[in-house]
Amino acid sequence: MVMDVLKAIEKRHSVRSYVDKELATAVVEALNEEIEACSREGGINVRLVTNEKRTFGGLMARLGKFRGVRNYLVLTGDGSEETEEKLGYYGERIVLKAQALGLNSCWVAATYSKGACRKACGLEKDEKLACTIALGYGETQGVPHEGKPLTELFELCAAAGKAPEWFVKGVEAAALAPTALNRQNFNIVLLEDGRVRLEKQGACAALDLGIVRYHFEQGAGKENFEWA
């Protein structure tokens with residue numbers, strides 16, 4: 001039975017070591033369906049690469065402590081913050097689909113061979129690599145990392161009063177979002193009119209904001225609020 005998104009959010013942890021096992025055909029088909037749906041909806045470019053050893057087979061991958069990565073997603077765009085935030089949003093949607101299908105994953109910004117990746121995907125010169133996401137059957141299920149207290153991740157405007165339940169659930173889901181170096185450099189603000197604003201704090205990447213935005217929507221329920 002495929003788990004729902006909130007359960008996938010709870011269960012997903014970053015995994016860097018994978019067993020030598022090919023992705024099941026049904027899993028690849030389901031992932032490609034999700035990738036196609038996200039690409040249409042978000043106007044993004046995501047590719048699934050399977051059974052390819054070179055991108056995560058060199059020194060950079062070893063420095064990142066990756067082992068046995070043979071399958072990965074490739075996210076490309078024009079380098080703009082708007083596009084990168086979309087890639088984070090839809091990339092995490094695909095990641096959680098993979099988790100629901102029994103796979104493990106890890107967002108990877110730098111510790112892989114970009115040259116090998118570009119060659120494996122046949123990328124055009126004007127396509128900019130945003131990041132990759134390692135996929136597969138993990139040696140373990142990963143472990144949760146201690147993050148900031150929830151009270152440090154959100155802000156309530158004075159007239160907003162007590163945080164409604166949907167907002168709290170959204171923040172709880174956002175707190176489980178993977179971010180670069182687990183820094184959680186974001187702030188979620190409940191405005192006086194009930195809308196929600198997601199803000200950067202420090203050197204937060206646009207990719208991170210997209211991931212956090214997707215998590216918050218799943219926890220809060222998109223029907224309960226509007227983004228500011």
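**Terms and the values behind them**

Modeller: Glu34 touches Arg93, Ile94 and Lys97, leaving aside residues up to four places away in sequence; contact means heavy atoms within 4.5 Å. The model is predicted, so local features need pLDDT of at least 70 and side-chain atom pairs count only at pLDDT 80 or more, whereas totals for chains, interfaces and linings use all residues. Residues are numbered from 1 along each chain as its sequence is written, and side-chain values use heavy atoms, with hydrogens and water left out.

Colleague: Why does Glu34 count as buried?

Modeller: Buried means under 20% relative accessible area, exposed over 50%, and partly exposed in between (1.4 Å probe, protein chains only). Glu34 has 16% relative accessibility, and therefore counts as buried. Glu34 lies in helix α2, residues 25-42; helices (H or I, at least four residues) and strands (E, at least two) are DSSP runs, numbered from the N terminus.

Colleague: How many aromatic pairs are there by the ring rule?

Modeller: The count comes to 12 aromatic pairs. Rings of Phe, Tyr and Trp (its six-membered ring) pair if their centres lie within 6.5 Å; planes under 30 degrees apart count as stacked, over 60 as edge-to-face and the rest as tilted.

Colleague: Why is the pair of Phe56 and Phe66 called edge-to-face?

Modeller: The ring centres of Phe56 and Phe66 are 5.4 Å apart and the planes stand at 65 degrees, so the pair is edge-to-face. Phe56 lies in the loop between β1 (45-49) and α3 (59-63), and Phe66 in the loop between α3 and β2 (71-77), so the pair ties together parts 10 residues apart in sequence. Phe56 is buried at 4% relative accessible area, and Phe66 is buried at 6%.

Colleague: What makes the pair of Phe216 and Trp227 tilted?

Modeller: Phe216 and Trp227 are 5.5 Å apart, centre to centre, with 50 degrees between the planes, and the pair is tilted. Phe216 is in helix α7 (residues 206-220) and Trp227 in the segment after α7, 11 residues apart. Phe216 has 0% relative accessibility and so counts as buried, while Trp227, at 23%, counts as partly exposed.

Colleague: What lies over the face of Trp227?

Modeller: Arg213 lies there, at 4.4 Å from the ring centre. A charge sits over a ring if NZ of Lys or CZ of Arg is within 6 Å of the ring centre and within 35 degrees of the ring normal.
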